[in-house]
Amino acid sequence: MAVKQTAGRDALGEFAPKFAQLNDDVLFGEVWSREDRLSLRDRSLVTVVALMAQGLVDSSFQYHLITAKQNGITRTEIAEILTHAAFYAGWPKAWAAFRMAKDVWADDAASDAMARHQKEMVFPIGKPNDGFAAYFTGQSYLHPVSASQIGIFNVTFEPGCRNNWHIHHAKSGGGQILVCVAGRGYYQEEGKPVQELRPGDVVNIPPEVKHWHGAAADSWFSHLAVEVPGEGTSNEWCEPVTDEEYPHSGL
Ligand code: MN
């Protein structure tokens, strides 16, 4: 897909039409657009390092930092890229670049952790789980993996997030299976100790058993929730898991 760029014509279209055309149509329209040869993310990485190496920290550098962020370079990655480049391009140039990068990736620590969690997992994090927000402490996300035959949902919990105590009711069959896919989390049945969950762990939750599940305090966590078919199935949402019940400092 062609990268659309109008900065050349916007700034220099009248004064230097050829330069504007080369900038917009060739540099961006042709070279940046060759995504089948090199991804936009990698092109951003090359560009940021090349500009930083020249000591350029003007508005064009800021533009390329913002673009790099849009193209998927995370806060952790840009810090690593500039640190690495500092040894080859020069320490003061890295200092100058960091001052600008820090602004572009400001307030991005949380979303960066979320991006890293997504990288560890093949299923999408999905959308904010607004429909069930009333039954959760903290932010959760939901992605339907299977919506027919058997419902399978990827549920993602931010650190510290957990659902309320609840019961999967059924007259026959029913219950829920959790298949842990990324991060570290917890599961607890009423009257039993909290159980730690890691990727690959499977929890078989019988119907009529009061329980909760969620992330550890210091980790994102995702599990597939499989709705076991049954007759007369319903969910009963109970009270939140209190700070006393929830293991804040690990197990
Ligand atoms: Mn459950």
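A residue is called buried here when its relative accessible area is under 20%, exposed when over 50%, and partly exposed in between (1.4 Å probe, protein chains only). By this criterion histidine 213 counts as buried because its relative accessibility is 3%. The structure is a predicted model, in which local features need pLDDT of at least 70, side-chain atom pairs count only at pLDDT 80 or more, and totals for chains, interfaces and linings use all residues. Residues are numbered from 1 along each chain as its sequence is written, and side-chain values use heavy atoms, with hydrogens and water left out.

An automatic or database assignment sets the domain bounds, giving domain 1 (7–109) and domain 2 (118–237). Their centres, taken over C-alpha atoms, are 41 Å apart.

Helices (H or I, at least four residues) and strands (E, at least two) are DSSP runs numbered from the N terminus. Among the buried residues of H5 are Glu77, Ile78, Ile81 and Leu82. With contact meaning heavy atoms within 4.5 Å, the buried residues of H5 pack against helices H3 (40–53), H4 (59–70), H6 (91–104) and H7 (109–119). Just after H5, glycine 90 adopts a positive phi of about 125 degrees.

A nonpolar core is a set of buried Ala, Val, Leu, Ile, Met, Phe, Trp, Tyr and Cys residues joined through side-chain atoms within 4.5 Å. The largest such core has 19 residues, and Val48, Met52, Phe61, Leu65, Ile78, Leu82 and Trp105 have the most contacts inside it. Two or more residues come from each of H3, H4, H5 and H6, with H5 giving the largest share, 6 residues. A second, separate core of 13 residues includes Cys161, Leu178, Tyr187 and Ala215.

Turning to the metal site, donors are N, O and S atoms within 2.8 Å of the metal (3.2 Å for Na, K and Ca); water is not among the atoms, so sites may look incomplete. The manganese ion is coordinated at 2.1 to 2.3 Å by NE2 of His166, His168, His211 and His213 and by OE1 of Gln176. Along the chain these donors follow the spacing H-x1-H-x7-Q-x34-H-x1-H. Histidine 168 in strand S6 (residues 166–169) and histidine 213 in strand S12 (residues 211–215) link distant parts of the chain, 45 residues apart. Histidine 168 is also buried, because its relative accessibility is 7%.
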